[in-house]
Amino acid sequence: MTCIEARGLRKTFGSTVALDGINLQVQEGRILGLIGPNGAGKTTALNAILGLTDYEGQLRVLGRDPWTERDQLMRDVCFISDVAVLPRWIKVSQTLDYVAGVHPRFDRAKAEGFLAKTSVGSTRKVRELSKGMIAQLHLALVMAIDARLLVLDEPTLGLDILYRKQFYDSLLNDYFDRRRTILVTTHQVEEIQNVLTDVMFIDRGRIVFECSMDGLESRYREVTVRPEQLAAARALSPMNERQVLGRSIMLFDSKSTNAGADQLAALGDVRTPSIVDLFVAVIGSRAAYAQGAPQ
Amino acid sequence: MNPMSSRSSANDSQSNDSQVNDSQVVARGVAAPTRPFYWSVRRELWEYRSLYIAPLAVAALFLFGFMISTIHLPEKMRAVAMLSPMQQQELISEPYDFAAMLIMGVAFLVAIFYSLDALHGERRDRSILFWKSLPVSDFTAVLSKAGIPLVVLPLLAFTVTVALQWMMLLLSSLVLLGNGGSVATLWRNLPLIQMWSMMLFHLIAVHSLYYAPIYGWLLLVSAWARRAPFLWASLPLIAIAVVERIAFNTWHFATLLQSRVVGGDSDAGNLTAPGSNMAHSPTLLDLGQFLASPGLWIGLIVAAAFLFAAVRLRRSQGPI
């Protein structure tokens with residue numbers, strides 16, 4: 001079933017185009033990473049999906065229009081926008097009381113179970129907690145809600161590496177069950193590489209790349225080319241070439257190159273590229289184009 | 001007929017369980033629409049503790065001052081006994097009226113500052129993103145915030161005043177009895193039930209209904225202004241009055257605002273003026289006169305429009 005469906009989604013702020021006609025389809029049960037440079041339109045896209053901003057074009061989330069039905073939609077959708085949105089004056093126990101009071105799908109015992117594994121005391125106020133503990137609290141609240149879509153916008157911003165690791169671990173182990181859908185944006189791409197089932201790059205308000213992680217593994221190849229093979233490799237039209245420690249690393253898309261697997265293997269060491277490599281190849285080339293383009 | 005009764009006894013415990021579950025589900029289903037509102041109001045009381053701390057603190061201070069004043073109470077009562085019944089009542093009930101006015105004044109002040117911050121603070125500290133991530137509509141959120149100055153604070157002011165006046169009376173009685181005096185004059189001249197019903201009427205009529213457009217305006221500004229909501233709430237009103245004065249040499253707008261704050265003499269009569277005599281009990285005539293005044297209804301319509309605009313604004317506004 002389709003969880004999010006957008007057609008021609010557009011949003012402008014004055015003369016700035018934040019979303020430039022996005023088409024998007026996210027099936028249920030996927031973990032989609034929405035990745036893009038600063039100001040690419042990630043947060044605007046998420047805000048539209050969450051009913052926090054109005055938009056032009058068509059958008060349906062779980063069959064609802066987010067802008068006009070936000071309160072209904074939020075029964076099935078959870079979001080963590082970044083770590084700093086829990087009010088600082090509230091007590092931990094009050095967050096549980098409140099969410100239990102207003103959310104029909106909140107399981108208070110479950111949230112208390114998650115919190116018991118952390119050092120977040122229920123009588124403390126949010127202002128007394130560290131950034132990592134606030135993130136743990138917010139995640140405990142969200143994971144205790146039986147939602148169908150979870151949206152995470154830079155959920156681990158400003159957290160140290162241990163908290164970040166733990167955050168995604170508990171998300172995968174205690175929450176994701178292949179029926180729920182998770183949509184996540186982050187700049188720390190390496191850390192979610194193994195979490196995602198799908199990845200999407202967004203740049204200047206447009207979706208410039210989308211692929212499932214399975215597809216990524218079967219379709220893209222990164223080759224550390226031996227110096228003597230350089231000319232031969234370039235003839236196979238790689239997507240991107242970069243220099244690391246004096247050696248050329250080239251990225252091949254098996255759909256746009258005619259080279260077979262054995263042909264690539266002859267050029268040098270072949271491996272599956274990381275999301276970061278692809279991101280640099282796709283967005284980097286666009287950025288270079290933009291800089292070189294006449295104004 | 002209960003469909004469960006046709007089941008065999010072996011299933012009794014099971015059917016009882018399911019009955020309990022059914023009734024819980026039903027209760028939850030019925031209560032569901034009001035729960036977000038109820039919890040949103042409680043949330044406001046968690047956040048703005050000054051809502052009840054301020055009136056309680058003022059009441060405590062007043063009681064402290066009153067306690068000191070009771071040193072002279074026995075001689076005062078002897079002097080009062082010489083006066084006419086009218087003067088007796090006036091003199092004895094004076095501190096009680098003053099207490100009521102003080103608490104109501106504090107509640108009004110708290111209501112103003114609460115309303116100015118209610119929809120601004122949540123955007124300032126970004127917590128609006130958390131509130132909006134929950135299935136609570138903007139309508140419920142704004143309505144619960146409007147409910148604080150319109151319902152919660154008047155009721156709170158009433159409760160605190162009644163408790164304060166009771167303690168004043170108790171204290172006075174103890175002092176008089178301790179000095180071997182009589183409490184008869186004191187109790188006879190304090191028509192407490194009358195005073196309280198008058199106060200409750202005043203709170204509902206003025207602090208809730210007549211002041212509604214004031215709170216609506218403040219909430220609207222609080223939802224709209226990016227910074228300095230107090231200035232945005234006050235300066236435009238002053239500007240309108242000044243422009244009117246310069247352009248037409250009249251004070252209509254300023255008079256309108258003034259009559260709204262002090263209760264007004266044309267619309268709601270002396271009844272709604274905060275300074276009106278508390279010992280005067282409301283009659284049906286007063287009530288009819290109040291309900292028939294166009295000022296009340298125009299004010300309520302304006303308040304509803306302000307609140308509606310605040311709901312629309314909250315929907316599209318993010319953190320600042």
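## Ring cluster and pair count

A:Trp89, A:Tyr98, B:Phe130 and B:Trp131 are linked into a cluster by ring pairs. Rings of Phe, Tyr and Trp (its six-membered ring) pair if their centres lie within 6.5 Å; planes under 30 degrees apart count as stacked, over 60 as edge-to-face and the rest as tilted. Over all chains, the count by this rule is 21 aromatic pairs.

This is a predicted model: local features need pLDDT of at least 70, side-chain atom pairs count only at pLDDT 80 or more, and totals for chains, interfaces and linings use all residues. Residues are numbered from 1 along each chain as its sequence is written, chains are lettered from A and ligands numbered from 1 in the order written, and side-chain values use heavy atoms, without hydrogens and water.

## Two edge-to-face pairs

The ring centres of A:Phe201 and A:Phe279 are 5.2 Å apart with planes at 90°, so this pair is edge-to-face. Both A:Phe201 and A:Phe279 are buried (under 20% relative accessible area; exposed is over 50%, partly exposed in between; 1.4 Å probe, protein chains only).

B:Tyr38 and B:Trp39 also form an edge-to-face pair, because their ring centres are 5.4 Å apart and their planes stand at 80°. B:Tyr38 is partly exposed, at 44% relative accessible area. B:Trp39 counts as buried, at 14%.

## Charges over rings

A charge sits over a ring if NZ of Lys or CZ of Arg is within 6 Å of the ring centre and within 35 degrees of the ring normal. In chain A, the charged end of A:Arg180 sits over the ring of A:Tyr175, 4.3 Å from its centre. In chain B, B:Arg260 has its charged end over the ring of B:Tyr210, 4.1 Å from the ring centre.
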